[in-house]
Amino acid sequence: RTFSLPLLTEASGANADIVLDAVDAALASSVLEPARDQDDDTYQFAHALLVDAVLKSVSPARRRLTHERIAGILVARTPDAVDRIASHYANSSNSEQAYVWCRRAATRAMALYALDEAAEFLQHALTHATTDDERAAVHDDLARAAEHSGRWADVERSCDAILAVSTYASDAGLALPVELRRLQARVRLGQGAQETEGECRALLTVAERVGSRAYIVQTRSLLVQTLARAGETDEAIRI
């Protein structure tokens, strides 16, 4: 809805006088207005519905091309505008750049605990992912964001998606942390102690086989909590 005159001129590829005539006409008809608290070269559509009307008048192919062009200009002009760049690439046909920038924007959002925004960018990244490994990486980030938000069903779904990837299905050591995360989510969702104990012991066998001390401790800790819930205090203390 808001844009700068230099960006509009460069993105349109039109002569500066033509762009200015169009802006003047839009101002005169109250389609555009100067953006408040911005410099003199920044304008905005007077109403969000006007943006929708303009978008509907343009073919989807042209919209995608324009989004990609604007994203490229922003990368050159303001590379720190990660969110804006990611949003434009997400609406373009450039899946490679959309994947990279949407994950970058999600990382920034996660650092600020803007978890819903991070999840939205990650969904865009997932749409533009082209390989199973890329999709698994996005689902790992989605699971992390869902953990911070307490959306345990989403954590479980993302873990399921990762474990369905052949790379993880064939490598017990690689799959172990994902299976642990999924089990923790299931416990949060109310899975019974008996079922959880069985899964913990199975994962502990895997952890001891692949030799990961960190995951052995993590699995034992979860098993201890499960046994305590079931009233098996002596076994919990022994472990």
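Visitor: Where does Y43 lie?
Guide: Y43 lies in strand 3. Keep in mind that this is a predicted model.

Visitor: Is Y43 buried or exposed there?
Guide: Y43 counts as buried, because its relative accessibility is 12% and the cut-off for buried is under 20%.

Visitor: Which residues does Y43 touch?
Guide: Leaving out residues up to four places away in sequence, Y43 touches R1, T2, F3, L5, V23, L27, E33, P34 and A35.

Visitor: What does the side chain of Y43 reach at 3.5 Å?
Guide: The backbone oxygen of D40.

Visitor: And how far is Y43 from E232 in space?
Guide: The two are 68 Å apart, C-alpha to C-alpha. In sequence, 189 residues separate Y43 and E232.

Visitor: Back to strand 3. What about the faces of that strand, covered or open?
Guide: Both faces of strand 3 are covered. T42 and Q44 are buried on one side. Y43 and F45 are buried on the other.

Visitor: How many bridges pair strand 1 with strand 3?
Guide: There are 3 bridges, in the antiparallel sense, and strand 3 covers residues 42-45. T2 has Q44 as its bridge partner in strand 3.

Visitor: What about strand 2 and strand 3, how many bridges there?
Guide: Strand 2 is joined to strand 3 by 3 bridges, and the two run antiparallel. Here E33 has Q44 as its bridge partner.

Visitor: New topic: loops. Where is S30?
Guide: S30 sits in the loop between helix 2, residues 16-28, and strand 2. Phi of S30 is near 65°, a positive value in a residue other than glycine.

Visitor: And where is Y113?
Guide: In the loop between helix 6 and helix 7. Phi of Y113 is positive too, near 60°, and this residue is not glycine.

Visitor: Is Y113 buried or exposed?
Guide: Y113 is exposed, with a relative accessible area of 59%.

Visitor: Now the helices. At what angle do helix 5 and helix 7 pack?
Guide: At about 40°, with their axes 10 Å apart. Helix 5 covers residues 82-90 and helix 7 covers residues 115-128.

Visitor: Is the crossing left-handed or right-handed?
Guide: Helix 5 passes helix 7 in a left-handed crossing.

Visitor: Which residues meet there?
Guide: Helix 5 brings D83, A86, S87, Y89 and A90. Helix 7 brings E117, F121, H124 and H128. The residues of this contact divide into 4 nonpolar, 3 polar and 2 charged.

Visitor: Which residues of helix 5 are buried?
Guide: V82, I85, A86, H88, Y89 and A90. Their cover includes helix 4 (60-77), helix 6 (95-111) and helix 7.

Visitor: You listed H124. What does H124 touch?
Guide: H124 touches A90 and C102, not counting residues up to four places away in sequence. From H124 to C102 is 6.6 Å, C-alpha to C-alpha, although they are 22 residues apart in sequence. H124 is partly exposed, with a relative accessible area of 28%.

Visitor: Last one. Where is T219?
Guide: T219 is in helix 13, residues 213-229. T219 is buried, with a relative accessible area of 0%.

Visitor: Which residues does T219 touch?
Guide: L180, C200, L203, L204 and A207, again leaving out residues up to four places away in sequence.

Notes: Residues numbered from 1 in each chain as written. Predicted model: local features only at pLDDT ≥ 70, side-chain atom pairs only at ≥ 80, totals over all residues. Heavy atoms only, no water. Pairing = 2+ DSSP bridges. Helix = DSSP H or I, 4+ residues; strand = E, 2+ residues; numbered from the N terminus. Buried < 20%, exposed > 50% of the residue type's maximum accessible area, 1.4 Å probe, protein only. Contact = heavy atoms within 4.5 Å. Polar contact = N/O pair within 3.5 Å; in protein donor to acceptor, adjacent residues only side chain to side chain. Axes fitted to C-alpha atoms, helices over the stretch in contact; angles between N-to-C directions. Left-handed = near helix turned anticlockwise from the far one by under 90°. Nonpolar A, V, L, I, M, F, W, Y, C, P; charged D, E, K, R; others polar.
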